[in-house]
Amino acid sequence: MSVPELAGTVVIGLAMSAIFFMLSVGLSLSYGLMRIVSLDQFLYYSVGAYMTYVVTSQAGNFWLGLLTGVIASCTLALTVEKSLYRRIYEKGVMFSMITSYGVLLVGIGAIKYIWGLVPRPVMTPIVGHVSLLGTTLPVYRFVVIGLAVVLYIGLRLFLERTIVGKAIRAGIEDVDKTEGLGIDVYRIFTLVFLLTAGLSALAGGIHAPLIMVDPHMGLKIIATAFMIVIIGGLGSIKGTVVSSLLIGQVMAFGFTIWAPAAEMAPFVIMLLVFLIRPTGLYGSQYLRR
Amino acid sequence: MMGTGVDGAMIGGEAILGARGLTKRFGAMCAANSIDYHLGPKEMAGIIGPNGAGKTTVFNLLTGVYAPDQGSVFFDGREITRLSPQQRVKLGIRRTFQLASTFDNLRVIDNLRLAYYHKQRQGRCSLGGMCSADLGEVRDESIDECLEQLELSKAAHLPVASLPLGSKRKLELAMALIGAPRVLLLDEPFAGLSEMEIGQIVAMLRHRCTRRMAVLIIEHKITWLKDLVDRISVLVNGEIIADGDYQTVLDSPVTRKSYWRVE
């Protein structure tokens, strides 16, 4: 593998990691805090992508589309959280899996009804290229990577410096004890759920120019996203970062070397990680129950 | 002899926390059987009983963790049987747990700040309030004061996981006290501690709580309560079988029979 090819693969991998991170970190946090598996996040991912498609093609502004996607997804997520999740938080993981899968399927049906089955292209907002180590790469990929870095730093600051962030961390350690301090944990649940939905929508919108927008895009990425969550360790942000980076590179190099390996390699990595650390790379010792 | 109604504070509705006919069954086991109990506004009282007597169940009923099968709970002349645990915390009922309920992955100071959280949120609930980096000056002062009293100032920025159990207990007590509760419920605060650590906790309770708030302590070992509480009740098989000052309870034939199993 030549140096330009290597550089190109690494950057493509990093951009994939960036999107994986945005999609997985919320899933990891919401499992850690609320003990839910929220499959409807992949609907918000799709809605984010479709809103970006609509606004970009109609109004010609990608960033406005991204914002619209986030707002639309958060509104939808708020409705789902208030009407469905409220009733199932106490009931165990299976309830949330099945219920949210239902929401996802209904949403995909609605998307098919509105936009049809044909995949839609989304214009890349930044068309420039940069030269790096003998290869030219689209600027947009670097923007995606930069955005993920900013989100990561922002999330860390939020969780470590603000009182609500500390309450979220306390809740991840033990919800009952947190409630015992007089904290209304359900408000925090709503907040984390919306945060997750917003990040999912952002991931969808950002991903849209790199892939085609289609009704099943959410379903296609479920396995990868959850694999990243469990490789990293449930409830750990640091773990999600490391496993996003790992899987991004594994998939990028897989595509370059032998395409079928790209689909399979992440599963091999997952099995290897589980052989060594069954709780994932940074699986929290506090996650019990 | 506060428990016998001689003291004015204990008569009728003047109790700060009360239970009437409180009953809770778990299957065939009756963990609380028609318990009547009253705690005076500034009283320090203890409940002792053998393992499995239902001591923690009584706490869980008083704090709203369990809903009773029958009976009611009163706070300051008002029925609170149906209030959630958080709502009761907001009224000023605080508790500690058998296992120190501090947060291991947060720093000592953040544990104290979180204990203040609900106070901060009262009245205002803006995004700014939720994202504010720290609490107001006055509050941080009282946190500093609390840390000093605990002799934990040096450890303020360490994660709680690195503290010994005694310090965790002290921190937990401080977390309960920092919200200035009106009733403090302590679930076996001395379990697993050395005599020296127990002495520190007793001193802290005397200094911070006596005649300032109502305190109810559950203990397995009666000896630690001797010099601390005004009144002791004995709970056996979900029933209060004796109630009165230390010596009265100790000498009572019922206690001797069912608690120590001596005739």
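Reader: Which residue of β8(B) does Gly46(B) stand opposite?

Author: The model under discussion is predicted. In general, strands of a sheet pair through backbone hydrogen bonds, either parallel or antiparallel. In this model, Gly46(B) stands opposite Ile217(B) in β8(B). The two strands concerned are β3 (residues 44–48) and β8 (residues 214–219) of chain B, which run parallel and are joined by 5 bridges.

Reader: In what order do the strands of the open sheet in chain B lie?

Author: The order is β6-β7-β8-β3-β9-β10 in chain B, an open sheet of 6 strands with mixed pairing. At its edges are β6 (93–96) and β10 (239–244) of chain B, each of which pairs on one side only. From one strand to the next, the twist averages 20°.

Reader: Which strands of this sheet does helix α6 of chain B touch?

Author: Helix α6 (residues 165–178) of chain B packs on the sheet and touches β6 and β7 (183–187) of chain B. The direction of this helix makes about 175° with that of β6(B).

Reader: How does one read the pairing of β4(B) with β5(B)?

Author: One looks at the sense of the pairing and at the facing residues. β4(B) and strand β5 (residues 78–79) of chain B pair in the antiparallel sense over 2 bridges, and Phe74(B) stands opposite Glu79(B) in β5(B). The two strands form a hairpin with 2 residues between them; in the turn, Asp76(B) has a positive phi of about 55°.

Reader: Which residue of β4(B) does Arg20(B) stand opposite?

Author: Arg20(B) stands opposite Ser72(B) in β4(B). Here strand β1 (residues 17–26) and strand β4 (residues 70–75) of chain B run antiparallel, with 5 bridges joining them.

Reader: How many residues of each chain are in contact across the interface of chains A and B?

Author: There are 17 residues of chain A in contact with 21 residues of chain B. On the chain A side, the elements that give two or more residues are α6 (163–173) and α7 (175–180) of chain A. The largest share of that side, 7 residues, comes from α6(A). By class, the side of chain A that touches chain B has 7 nonpolar, 3 polar and 7 charged residues.

Reader: Why should helix α11 of chain A span 26 Å?

Author: The helix comprises 18 residues (259–276), so at 1.5 Å a residue it should span 26 Å; the end C-alpha atoms are 27 Å apart, which agrees. The helix α11(A) also bends by about 35° at Ala265(A), and the proline Pro266(A) follows within four residues.

Notes
Residues are numbered from 1 along each chain as its sequence is written. Chains are lettered from A and ligands numbered from 1 in the order in which they are written. This is a predicted model: local features need pLDDT of at least 70, side-chain atom pairs count only at pLDDT 80 or more; totals for chains, interfaces and linings use all residues. Two strands pair if DSSP finds at least two bridges between them. Axes are lines fitted to C-alpha atoms, for helices over the stretch in contact, and angles run from 0 to 180 degrees between N-to-C directions. Two residues are in contact if their C-beta atoms, placed from the backbone, lie within 7 Å. Ala, Val, Leu, Ile, Met, Phe, Trp, Tyr, Cys and Pro count as nonpolar, Asp, Glu, Lys and Arg as charged, and the others, Gly among them, as polar. The expected span of a helix is 1.5 Å times one less than its number of residues. The bend at a residue is the angle between axes fitted to the seven residues ending there and the seven starting there.
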